[in-house]
Amino acid sequence: MKRKTISSSNPVYLDNNASTPLAHGVADAMAACLKSNFGNPSSSHVYGEAASQAIEHARKQVAGLINAKPEEIIFTSGGTEANNLAIRGSALRFKSGHIISSCVEHPSVMKPLKYLEGLGFKITYLPVDKYGIVDPAVLKKLIRENTILITIMHSNNETGSIQPIAEIGKTASSSGIVFHCDAAQSVGKVPVDVKKLKVDLLTIVPHKFYGPKGTGALFVKRGVELKPVLYGASHEKGLRPGTENVCSIVGLGKASEIAEKELPDRVQLMKDLTGYFYNELRREIPGIRLNGHPTKRLPNTLNLSFPDIQGNILLEKLKKEIAASTGSACHEGKHKPSSVLKAMGLSDREALSALRLSLGINNTEVQIRRAVKSIAEAYRNL
Ligand SMILES: *Cc1c(COP(=O)(O)O)cnc(C)c1O
């Protein structure tokens, strides 16, 4: 696994759940495409064929990463569009119906659900336990005659907690209900196998696993029907009109191929580095508390509450040393506690004291030591 480090005077990048740098080889693959592969993939001449072949190659690479068939991959402009296509595309085949989701989903799932609610669809938002995890037995009981869709994320972007997707998949498939999973934070970080999980629709976001931004994919299991959310020509089996973003799709393919090959190494590296980070921080600041499940979690994510301080103030003090995030959204200069942490039962105070530190494959032990030292110092000075 090839890793690169940014100059050591820059803040240590610990915000890999927001976005990641490109994996080694992705930029070259994209640059080669940008320089020469300019044809419209829908054109029937050789220039068009070259572009179309590049897309079909990427489709195979993406499918390989999640154990799907190439024809089950639909390219989109990113995770947000993939989630919209999955959710609105499933629901709008009907005039009304019931949808089950959770209260810790990403805005790109929540907002389409709110939109559908406005149209008269009924949505049930499953609660989560103190670790941020839904109970599949509770979900099972919520299924109604008219339930048309279940949408639950694979892992949470703020805490890294992983949901019992395979169990939910079993329930969904035996009840004949379409099951969508937003796996934006999991694909390329932990094994994701659409057959084992029994999902019908799954969202893939390359810029969260060392691929390019502004492109993404939706796995659509063979036989699952969707209505397009954009109307136009017949690209991507009529599900996503518009000339394809060829070279970004090439980057997504390359990032997927590398991820598939490197996955076991990545998991181990992230477990080791993140474990080391957590243990060292706990030694320096004994009162910190880990938000999220202790074991059912992404190997790279630490969401930590720091006693008696505000996460955004700590982060501000650390600006020159680390680049990370708080879970809280900033509205008009006021910090609101994260709704994900609140759903897990944290008080406003506890939720506002959280930092999300998300590691990536380019982080080194030297960087983590520097981060521990600077976080501990800044904390004591507050
Ligand atoms: C990043 C992310 C998305 C959306 O991806 P975009 O690239 O911003 O469209 C969706 N869901 C989760 C959980 C994410 O982390």
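Author: The link of C33 and C247 is left-handed, with -75° about the S-S bond. C33 sits in helix α1 (residues 26-36) and C247 in helix α8, so the pair ties together parts that are 214 residues apart in sequence. Helices here are DSSP runs of H or I, at least four residues, and strands are runs of E, at least two, numbered from the N terminus.

Reader: Experimental or predicted, and what are the ground rules?

Author: This is a predicted model, where local features need pLDDT of at least 70 and side-chain atom pairs count only at pLDDT 80 or more, while totals for chains, interfaces and linings use all residues. Residues are numbered from 1 along each chain as its sequence is written, and side-chain values use heavy atoms, with hydrogens and water left out.

Reader: OK. How many disulfides does the structure hold?

Author: One, counting a disulfide as a pair of cysteine sulfur atoms within 2.5 Å. In the pair C33 and C247, the S to S distance is 2.2 Å.

Reader: Are C33 and C247 buried or exposed?

Author: Both C33 and C247 are buried. Buried means under 20% relative accessible area, exposed means over 50%, and partly exposed is in between, with a 1.4 Å probe and protein chains only.

Reader: And what about C103?

Author: C103 is in no disulfide; its nearest cysteine sulfur belongs to C181, 16 Å away. C103 counts as partly exposed because its relative accessibility is 26%, whereas C181, at 0%, counts as buried.

Reader: Switching to helices: how do α2 and α8 cross?

Author: The axes of helix α2 (residues 46-66) and α8 come within 8 Å and cross at roughly 30°. Axes are lines fitted to C-alpha atoms, for helices over the stretch in contact, and angles run from 0 to 180 degrees between N-to-C directions. That makes α2 and α8 roughly parallel, the term for angles under 35 degrees.

Reader: Which residues meet there?

Author: Among them are A51, A54 and I55 in α2, and V246, I249 and V250 in α8. Contact means heavy atoms within 4.5 Å.

Reader: Is α3 enclosed or open?

Author: Largely enclosed by the rest of the structure, because eleven of its 13 residues are buried. The buried residues of α3 include G79, L85 and I87.

Reader: Last one: where's G232?

Author: G232 is in the loop between β8 (216-220) and α8 (246-284). At 60% relative accessibility, G232 counts as exposed.

Methods:
Angles under 35 degrees count as roughly parallel, over 145 as roughly antiparallel, 65 to 115 as roughly perpendicular and the rest as oblique.
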